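Have the structure open as you read.

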Amino acid sequence: MALQNATQGAIHTGQTITWTRDDGTPQDLTGATMSGTITNVRTGVSVGVAGTLTATTPLSGILTWAYALADVAAAGRYRVQITASYAGALDATYLADWLVLPIASSATPRATMSYLIARVKKLIRITTDLTDFDYLELLDDHSVSVNGVLEPQRPFYATHVAPFENLEIGAQIFYGFKTLLVENTDYTSDYQRGLFTTPAADYRGLRIVGTAFDLHAAAADAWEQIAAGQASVFAWSDVEGSYHPEQARDYALTMATKHRRKAWAVGRTVERGDTPELPGHANDWKGDLLRRERAGY
Amino acid sequence: MPHLSSAQLTLMRATKLDNYSDTLDSYRAPAVSGSKRGAVTLLTAGLLCRRWPASKAPKIIALIDVGGARVDELIFFPDSVDVRRGDELRSATGEKLKIEGVGAWQTSRAVAASLVQP
C-alpha cells in the first residue's frame, strides 16, 4: 500500500489506494467496514482517519479515501494504517508513509499593524511595487521592544506617556507584577502618539509592554527595494532623443537617503574584552534578579 | 554603446514604446502580375509610430534626403515593424504618405515619407 502525497488543506481530490497482500493478491474488501489511523511521525500522536473510506472495487482491494479537513489540516510526515473489519474480525495494512506538504504561508498582514502600514504607504505613494505584507516585513525589521514605565502627566495624572510612539495596537498596560488593565475599560489608547488615558488619576507606576516601529527606517528600506526593482534600468540616447528611465530609480534612492536620515539612531555598546564585567551584574538580567530578590518579589 | 544585451534592447524598446503616440496604416502593392501592379492593399492597420515634420525632426536628418528624395516627414517606427520603400502610409484623417526611404538606428526604424495627399 503506497500513498500519494497530500497538500495541506486541500481536500477536494482524495486518493485511491490498492490494498495488496504480501503474496501479491488483492485484499478482498467485500463486506468490510474500513477505518484508519494517522500517526504523526514527529509527535507520535495517532488520530483516526476523519474522511470517508469507500471500497470502490472490493474484489481487487481498491478503496478511495475522501479527505476530511482534519486529515490534511497540518503539514508533516505521517504513517497511515487502514483496518478492515469483517463482522468484528479485523485485517489491517502495514503502516504506510504519507506526506502532507505545506502550502505557502498566509500573506495577510497582522490587523494590529494596519494603521502603521497605511502610514508607511503614505511615505512611499507607489502602490504597485510592494504589498501590504512587504510593508509589514519592513516594519518588523525595524521594531523596538517597549518595556517601560508610563509617565503620568501633570496636572491631572490621567494621561500616561509611553517611551515610544507608533506602537503596535494591543500593547499591554499593567501595574505591579502582572495586573493587566483592560483597554477601553480602564484606559483608552492612542497608539500612534503613545498616549494612554485613564478615567481618573488612580494609577501610579503603570507599565507598558509592546512593540514600537520606526516608520522612516521602514520607508527607507521600501524606497531601496523599489530602486532595486529597477536595477537594470539605464540611460541612453539615440537618433530620436535621450532617454532617462533611471531617473525614477535615482529618485527612489534619494528618498531612501532622506528617510534613512530621519530614522531612529541605533546605538551599539562596545565592551572591552580585557576588563571585568561591572560588579554585581548591574545592567543585565542577573542584576534585575538580584534587585527583585532584595525587594522581596 | 557598442554591444547591447538582449535585456538592454528589450528595455529600450519598452521605454520607447511609450513615445510612439501616432498611428498609421500601412499599404503595400501586390506582386507584379502580367507586367502590372495592382492597387495597394492594407498590410497592417494601426502601426504605432512617431511623426516628425521634416524640419523639426531630431538632429535635422530629414533635411538631408533619405533614399534620394527630400521629404515632408520623418516617421519613427519600432524596429519590429515591416515597412519598405514604396509602401504607402495612411492616417485616420485621410492623409497619404509615400515612403521614400528607410533607415535603421538601434531599436527604431526611421522612415522618410512625402505627403502625396494631404
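A salt bridge here is a side-chain nitrogen of Lys or Arg within 4 Å of a carboxyl oxygen of Asp or Glu. B:Glu95 and B:Arg51 form one, with their closest N and O atoms 3.3 Å apart. Keep in mind that this is a predicted model. Over all chains, the count comes to 18 salt bridges.

**Within chain B: B:Glu95 and B:Arg51**
- B:Glu95 sits in the loop between S4 and strand S5 (96–105) of chain B, while B:Arg51 belongs to strand S2 (residues 41–53), so this pair ties together parts that are 44 residues apart in sequence.

**Within chain B: B:Asp87 and B:Arg28**
- The side chains of B:Asp87 and B:Arg28 meet in a salt bridge, at 2.8 Å from N to O.
- This pair links distant parts of the chain, 59 residues apart: B:Asp87 is in the loop between strand S3 (73–78) and strand S4 (88–90), and B:Arg28 is in strand S1 (residues 22–28).
- B:Asp87 is buried, at a relative accessible area of 3%, and B:Arg28 is buried too, at 13%.
- A network of salt bridges links B:Arg28, B:Asp82, B:Arg84 and B:Asp87.

**Between chains A and B**
- A salt bridge joins A:Asp238 to B:Lys16, where the closest N and O atoms are 2.6 Å apart.
- The pair crosses between chains, from strand S18 (residues 236–238) of chain A, which holds A:Asp238, to helix H1 (residues 6–17) of chain B, which holds B:Lys16.
- Are these two residues buried or exposed? A:Asp238 is buried, with a relative accessible area of 6%, and B:Lys16 is buried, with 1%.

Note on methods:
Residues numbered from 1 in each chain as written. Chains lettered and ligands numbered in written order. Predicted model: local features only at pLDDT ≥ 70, side-chain atom pairs only at ≥ 80, totals over all residues. Heavy atoms only, no water. Helix = DSSP H or I, 4+ residues; strand = E, 2+ residues; numbered from the N terminus. Buried < 20%, exposed > 50% of the residue type's maximum accessible area, 1.4 Å probe, protein only.
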